[in-house]
Amino acid sequence: MTALIPRRVRSLASLAEALLTPHGMDRYLELVDPMLVRREIRGLVTAVRKQTPGTVTLTVRPSRAWPGFTAGQYVRLQVEIDGVRRTRCYSPCGSQYDGELEFTVKEQGLVSGHLNRALGAGSVVGLSIPDGTFTLPATRPDRVLLVSGGSGVTPVLAMARTLVDEGHTGEIVFLHYSNGPADALYRTELAELAARHPGLRVVHAYTHTGGGDLRGFFSPEHLERVAPWYRDAEAFVCGPKPLMDAVREQLGERVHTEEFTPPALTFDTANAEGQVRFKRSGRECANSGKPLLEQAEEAGLSPEHGCRMGICFSCTQLKTAGRVRNAKTGEISGEEDEEIQLCISVPVGDVEIDA
């Protein structure tokens with residue numbers, strides 16, 4: 001009899017879902033407590049703190065639907081700004097074994113600015129299933145070199161915290177670049193992490209001032225000083241592109257970076273039809289058949305954007321009318337008041353964007 005209870009509970013939940021159609025149970029659960037929804041992942045902000053000027057660190061307790069993540073992956077975090085849901089990608093920076101998530105966000109752009117200025121303890125955010133292949137191999141390397149710059153510290157810090165939690169027996173060097181001590185994220189936490197684990201060495205390099213373990217931008221000399229065994233190490237790097245390029249030049253194929261390869265996309269510019277209207281700016285142009293991000297830029301606008309390949313969600317805008325084709329999947333969508341990614345959305349006929 002006891003074994004039948006879970007099945008009955010599931011049946012009752014399915015029956016309730018059917019009776020509550022068209023909205024579904026989650027719509028009503030959300031009115032009671034957003035963290036109770038079953039089909040979406042939510043996160044409750046439990047703490048907010050400022051580490052450095054222009055950044056915010058959020059501690060988030062995920063709902064039961066959260067599947068866990070692997071250190072180095074990213075999550076699409078969703079918030080509502082002026083009645084519109086906005087999405088951006090951020091990497092959790094805690095250990096993959098932690099029950100809560102931690103995000104450190106640099107203030108740049110609409111969503112990051114909102115997270116820095118408007119979010120407080122008790123706020124609820126949307127979370128996606130984690131994604132990304134910038135992760136440690138299942139068989140941990142004996143020698144690990146972690147290199148980060150600025151806010152690129154987050155996925156690399158998750159790796160360091162995970163390795164320490166696992167009691168990694170090999171050597172780990174964490175080399176972090178920042179402008180100076182006032183901009184050095186997680187300085188105290190990294191010192192405490194190194195104190196917990198004798199195999200971890202933390203090195204701070206300041207690019208614009210003295211007072212750090214190293215001074216200046218990345219160089220082969222830096223590697224020789226902090227990790228003379230680097231030629232035998234696996235390196236994991238996240239930060240500004242010049243930093244990642246410089247490390248890759250030294251280590252070649254042994255470097256793993258949080259970079260993405262643009263998909264091969266084709267656009268039918270010869271048969272494009274319709275007009276594209278950018279509502280708020282009043283700009284309008286003939287549809288060229290290119291992605292809306294390119295058409296907006298050609299019309300003299302400067303929409304927020306990042307990867308330009310449909311991954312980071314930085315270019316998300318509201319489509320108020322018309323149909324668009326997703327250049328990656330080929331799917332055509334004609335819903336009104338729909339969030340779309342400008343970099344991979346191509347107009348199909350007349351389109352209006354709230355930009």
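## Basis of the model

Local features in this predicted model require pLDDT of at least 70 and side-chain atom pairs count only at pLDDT 80 or more, whereas totals for chains, interfaces and linings use all residues. Residues are numbered from 1 along each chain as its sequence is written, and side-chain values use heavy atoms, with hydrogens and water left out.

## Overall architecture

The chain contains eight helices and 18 strands; helices (H or I, at least four residues) and strands (E, at least two) are DSSP runs, numbered from the N terminus. Of the 355 residues, 48% are buried. Here, buried denotes under 20% relative accessible area, exposed over 50%, and partly exposed in between, computed with a 1.4 Å probe and protein chains only.

Among contacts (heavy atoms within 4.5 Å) with a separation of 6 or more, 61% are between residues 24 or more positions apart. The chain has an accessible surface of about 17,700 Å², and carbon and sulfur atoms contribute 49% of this area. Accessible areas come from the Shrake-Rupley method with a 1.4 Å probe; for residues, only the protein chains shown count as cover.

## Helix α7

Helix α7 spans residues 241-251, and its residues L243, M244, V247 and L251 are buried. The face turned away from the buried side carries K241, P242 and E249, which are exposed.

The buried residues of α7 pack against helix α6 (220-226) and against strands β7 (143-149), β8 (171-178), β11 (234-238) and β12 (255-257). Just after α7, G252 adopts a positive phi of about 60°.

Strands count as paired if DSSP finds at least two bridges between them. β3 runs antiparallel to β4 (residues 84-90), with seven bridges joining the two strands, and L77 has R88 as its bridge partner in β4. The two strands form a hairpin with two residues between them, and D82 in the turn has a positive phi of about 55°. β3 also pairs with β6 (residues 124-127) in the antiparallel sense, over two bridges; in this pairing, L77 stands opposite L127.

## Salt bridges

Side chains of opposite charge can pair when their charged atoms come close. The whole structure holds 18 salt bridges, each defined by a side-chain nitrogen of Lys or Arg within 4 Å of a carboxyl oxygen of Asp or Glu. One of them joins D245 to K241 at 2.8 Å, N to O. Both residues lie in α7, four residues apart, about one turn of the helix; D245 is partly exposed, at 31% relative accessible area.

R231 and E224 form a further salt bridge, with their closest N and O atoms 3.0 Å apart. R231 is exposed at 52% relative accessibility, while E224 is partly exposed at 35%. In the salt bridge between E298 and K290, the closest N and O atoms are 2.9 Å apart; E298 is exposed at 52% and K290 is partly exposed at 28%. R143, E171 and D232 are linked in a network of salt bridges.
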